[in-house]
Amino acid sequence: MNITFDKGTAVISGLSCFEPRHIFDNGQAFRFAERDGCYEGVAHGRFLRVSKRGEDVLLYPCGTQDYERIWKHYFDLERDYDALFCDCSDEALRSGREFGCGLRILNQQPFETLITFIVSANNNVKRIRGIIDRLCRLCGEPFTFEGKTWHRFPEPAALARLSEGDLKECGSGYRAPYLKGAAKMVAEGFSLEALRALPYGEAKKELQALPGVGPKVADCVLLFSLGFYDAFPADVWIKRVMREHYGFVGSDKAIYEFARDKFGEYAGIAQQYLFFWQRENSGKQETNRNAV
């Protein structure tokens with residue numbers, strides 16, 4: 001992999017596993033949208049445009065400092081996805097890996113990920129995007145880029161100050177008290193970052209002390225923001241994969257133990273391949289990581 005910088009753009013060549021649609025449309029992040037062949041959005045408080053030119057990946061605006069400090073980790077660019085499961089004999093995972101080639105786990109900010117996946121419960125992609133966008137417009141810090149106003153994700157204290165009525169007006173419905181309660185706990189000292197140092201089981205238990213956080217939401221937060229690559233969110237699509245391709249039916253804990261034993265320390269990446277493959281080939285148009 002080689003990175004050069006040209007007129008405010010990071011140009012990454014020699015990176016075989018990077019497909020923007022597979023990264024941004026696979027249910028792990030909801031603030032990027034496709035526009036004219038590019039994906040644009042806000043992450044880590046910054047605007048970013050992601051595109052491809054031939055086999056090169058383009059990140060704009062991105063200088064050396066932002067690349068090293070933010071985007072290299074955000075896109076998990078130091079991990080060789082080509083080498084993961086490359087000799088896999090598992091038919092379902094091999095199919096998922098081939099279908100979802102270019103998918104990468106995003107390392108998102110923990111609070112944003114927490115709130116996003118509380119919103120995601122019993123929801124669909126279009127509605128999740130809309131709710132998150134309205135929350136950011138309501139109390140996220142605005143900034144301007146290329147003449148357009150964007151909004152950073154709200155700070156915990158700002159979100160906690162909203163009334164349940166405010167949150168419901170954003171479309172959150174019954175999730176409003178969960179969002180307010182979780183934001184309040186984080187604003188008052190619940191440390192999401194401290195969970196990184198805990199074993200998987202303890203970190204998951206701590207997360208479930210937050211309002212609106214069950215096993216699946218906890219696993220999403222662990223996998224997509226806290227570096228637990230063995231976390232295995234068990235949504236309806238994954239349970240279908242487990243049932244149809246592995247003949248396995250069980251609790252979320254049992255599914256995790258089955259997946260951890262079968263796929264190893266990168267079970268969460270295997271989960272993304274299986275989830276994306278199952279969902280995209282289901283024939284349904286408007287789906288997401290629906291809660292059980």
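One convention is needed at the outset: two directions count as roughly antiparallel when the angle between them is over 145 degrees, and as roughly parallel when that angle is under 35 degrees. The model discussed here is predicted.

The convention applies to a pair of helices. Helix α4, residues 110-120, packs against helix α8, residues 176-187, at an angle of about 160°, and their axes are 10 Å apart. The two helices are therefore roughly antiparallel to each other. Their crossing is right-handed. On the α4 side, the contact is made by F111, L114, I115, I118 and V119, which meet Y178, L179, A182, A183 and V186 of α8. Sorted by class, this contact comprises ten nonpolar residues, with no polar and no charged ones.

The UniProt record, an unreviewed entry, places a feature named "domain: HhH-GPD" at residues 119-279. In the model, that span is 60% helix and 5% strand, and the C-alpha atoms at its ends lie 19 Å apart.

The description now turns to the sheet. Six strands form an open sheet in the order β1-β2-β6-β5-β4-β3, with antiparallel pairing. Its edges are β1 (2-6) and β3 (32-35), each of which pairs on one side only. From one strand to the next, the twist averages 25°. Helix α2 packs on this sheet and touches β1, β2, β3, β4, β5 and β6, while its direction makes about 80° with that of β5.

The loop between β4 (38-43) and β5 (46-53) contains H44, a residue with a positive phi of about 50° although it is not a glycine. The loop between β6 (56-60) and α2 (64-74) contains P61. A cis peptide bond joins Y60 to P61, with omega at about -10°.

Strand β7, residues 142-145, and strand β8, residues 148-151, pair in the antiparallel sense over four bridges. Within this pairing, F145 stands opposite K148 of β8. The two strands form a hairpin with two residues between them, and E146 in the turn has a positive phi of about 50°.

How values were computed: Residues are numbered from 1 along each chain as its sequence is written. This is a predicted model: local features need pLDDT of at least 70, side-chain atom pairs count only at pLDDT 80 or more; totals for chains, interfaces and linings use all residues. Side-chain values use heavy atoms; hydrogens and water are left out. Two strands pair if DSSP finds at least two bridges between them. Axes are lines fitted to C-alpha atoms, for helices over the stretch in contact, and angles run from 0 to 180 degrees between N-to-C directions. Angles under 35 degrees count as roughly parallel, over 145 as roughly antiparallel, 65 to 115 as roughly perpendicular and the rest as oblique. A crossing is left-handed if the near helix is turned anticlockwise from the far one by less than a right angle, and right-handed if clockwise. Contact means heavy atoms within 4.5 Å. Ala, Val, Leu, Ile, Met, Phe, Trp, Tyr, Cys and Pro count as nonpolar, Asp, Glu, Lys and Arg as charged, and the others, Gly among them, as polar. UniProt positions are given in the numbering used here, feature names are shortened, and annotations may be inferred rather than shown by experiment.
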